[in-house]
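Let's take a walk through this model together, one region at a time. Have the sequence and the 3D view ready as you read.

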Amino acid sequence: MRVVLAEDLFLLRDGLTRTLQEHGFDVIAAVDNGPALLRTLLEEEPDVAVVDIRLPPTFTDEGLQAALEARRSRPALPVLVLSQYVDQLYAHELLAGGQGAIGYLLKDRITHTTQFVDAVRTVAAGGTVMDPQVIARLLARSDARGTTAQLTPRELGVLALMAEGRSNAAVAQTLFISESAVAKHTAAIFSKLRIEPSADDNRRVLAVLAYLKR
Amino acid sequence: MAQGEGRPGSSLRGALADIGRCQLLSLAALAVCGAGALVIGALLLLPIGIGFLLLPPAAAALRRVSDRYRDWAARWTGTVISPPQPLPSRQAPPENSTGRHGRARALLGDAGFWHDLRWAWAEPSTGALLAAVPLALVEYGLFGAAVQPFVWRLLGDGNWYAFILVDSTPTMLAALLLGLGFVTAGFKLAPTTLRLHARWSRRLLAAPRTTELVRRIEHLAGSRADILDVQAAELRRIERDLHDGAQARLVTLGMTLDEATRLLDRDPAAARALLHEVRATSQRALQDLRELVHGVLPPILADRGLGDAVRSLALDSHLDVRIETALPGRLPAPVESAGYFAVAELLANAAKHSGAPEVHIRLSHTDGALRATVTDEGRGGADPDGSGLQGVRRRLDPFDGTLVLHSPPGGPTTATLEIPCASSSPKTSSSSGTD
């Protein structure tokens, strides 16, 4: 799987490259600034891009802008965005296109190598991965508004993991329950939140986020 | 402060009140005359000594009258007249002089006292006459409209009303109409007259320029001291947070790693458990650092500027927040920061106290000032001296910024803050709404 990497700190770029290579990814380019990233994304057409938000030359949201710009000419280009902090506004901007194949994670998540690599694969496959921190804040907010009040604590747990882009199997493993139990909870959540069920993982997460965003 | 709140010029009560105020102004001229005469008398008696005794109370009486006028100007038309320094006679006497002689001498050297006196001479002859114009129109109009129809027969041949010789029903009707015209004109003229009068009073009564400058310097020195205090406290907080948070966690991290290294061969299972601990600790350290950075300068504010930073705030709030922005690109960083934290505080207040489900935030840059308005339809009655709002004021103070809170019981609450500043970039950001 061909990966383009954008990260301005040498140590992190090196570490990320190594991690990805160890897990069988082909890192075709590792760039350290926004313009180079945009150029590479458009020329190389990678299977997935792993992008730091803050890049030279402006050190603001150069990486995010380059990724969004590249997705304007190639709408379903899978992009996993990494950042030192997560912000709901950026999450919204990334999800705004509605095509999925988007990931948005805190940089710390890299330390959980398998989860990070899973996230890259999910995004490359067209799925959506949101950082647990984004999800936690969305849930807290919709909780305060009473929109998720009718869910049981177990269902909330399943919803949070689902929104992070995890598969039913991964949710089952994390919560130590069976996959069929997860499926049952999922059905209950969808009916309580009145979300049309769908076989597509990506649409499932988008539906959840769309609901939570209200 | 801005010129008066929207006065309902069309409402009858407003018009009657304005006429009443004109009446009050013309009557109060008597008090001005009286107080002025007292002061002049005291000044004339200075050579024979009694003046020294009379001058302080006379000057105090005059000041009371002029204070009353300043108060009226502010309440009736929103024209703020900066008060002069208190009269020397009210303070402790200057050191090298004693008793009433000293006080009277200090008075003679006080610019505010002479301002009062100059005004006392001019007000009855000019200000009071000005105020009497709409009054006279109304009264003479009433004489024409309400009295002429009933008395013209009794008054006989020589009864003129203005330029009309009233001697028949048609001329009586003309006088009636003319009278009504005078009354209307008087009512229409009253608000303008009051404003003119307030402006004229300000010219004469405003504190001397040196007083203004002294005040400004005192204010600046005070706010500079405040900001230095706040900065020092902020540095202390950052230092403490680093020391007790991230730094301590990193030390623990090193110790645990060391322990794990020792256990690696002997007890791999225990070593693995320790390494898991290391990972958790490193994440907590990162979390600490992240929160610290956010408290110093929210990254989104640094990256995107005030508009998007406030949008991000709105997304985190459980209220429905509607945002309108008309900002010309980026503003100076300190202004953005002050504006951001102030809006964050106001939004948190609305979420905590208003009980309203929806908040409206408007950001704009007009007339060389950043203006942010936070409005909710909540229960109102916000305490303008609450600690949160005081904190907001302290933040705005170094910029000469202002916070105006309008929160009648029952709502709605509107908080408007203004920070004078020039924008640093000509780039225009479009306005948009988010929930």
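Phe176(A) lies in the loop between α8 (168-175) and α9 of chain A, and has a positive phi of about 55° although it is not a glycine. Helices here are DSSP runs of H or I with at least four residues, strands are runs of E with at least two, and both are numbered from the N terminus.

A word on the ground rules: this is a predicted model, in which local features need pLDDT of at least 70 and side-chain atom pairs count only at pLDDT 80 or more, while totals for chains, interfaces and linings use all residues. Residues are numbered from 1 along each chain as its sequence is written, chains are lettered from A and ligands numbered from 1 in the order in which they are written, and side-chain values use heavy atoms, leaving out hydrogens and water.

Now follow the chain into α9(A). The axes of helix α7 (residues 153-163) and helix α9 (residues 179-193), both of chain A, come within 10 Å and cross at roughly 90°; axes are lines fitted to C-alpha atoms, for helices over the stretch in contact, and angles run from 0 to 180 degrees between N-to-C directions. The two helices are therefore roughly perpendicular to each other, a label for angles of 65 to 115 degrees, with those under 35 called roughly parallel, those over 145 roughly antiparallel and the rest oblique. On the α7(A) side, the contact is made by Arg154(A), Glu155(A), Val158(A), Leu159(A) and Met162(A), and among the α9(A) partners are Val182(A), Ile189(A) and Phe190(A). Contact means heavy atoms within 4.5 Å.

Elsewhere in chain A, look at Asp52(A), which is found in strand β3 (residues 48-52). UniProt, in an unreviewed entry, places the feature "modified residue: 4-aspartylphosphate" at Asp52(A); such annotations may be inferred rather than shown by experiment, feature names are shortened, and positions are given in the numbering used here. Is Asp52(A) buried or exposed? At 4% relative accessibility, Asp52(A) counts as buried. Leaving aside neighbours within four places in sequence, the contacts of Asp52(A) include Glu7(A), Asp8(A), Ser83(A) and Lys107(A). In the loop between β3 and α3 (62-73) of chain A you will find Pro57(A), and the peptide bond from Pro56(A) to Pro57(A) is cis, with omega near 5°.

Let's move to chain B, whose secondary structure comes to twelve helices and seven strands. Of the 435 residues in chain B, buried ones make up 41%.

Which strands pair with β7(B)? Strand β5 (residues 369-376) of chain B pairs with β7(B) in the antiparallel sense over eight bridges, and strand β6 (residues 402-406) of chain B does so over five bridges; pairing requires that DSSP finds at least two bridges between two strands. Asp376(B) stands opposite Thr413(B), and Leu405(B) opposite Ala415(B). β6(B) and β7(B) form a hairpin with six residues between them, and Gly410(B) in the turn has a positive phi of about 95°.

Key: Buried means under 20% relative accessible area, exposed over 50%, partly exposed in between (1.4 Å probe, protein chains only).
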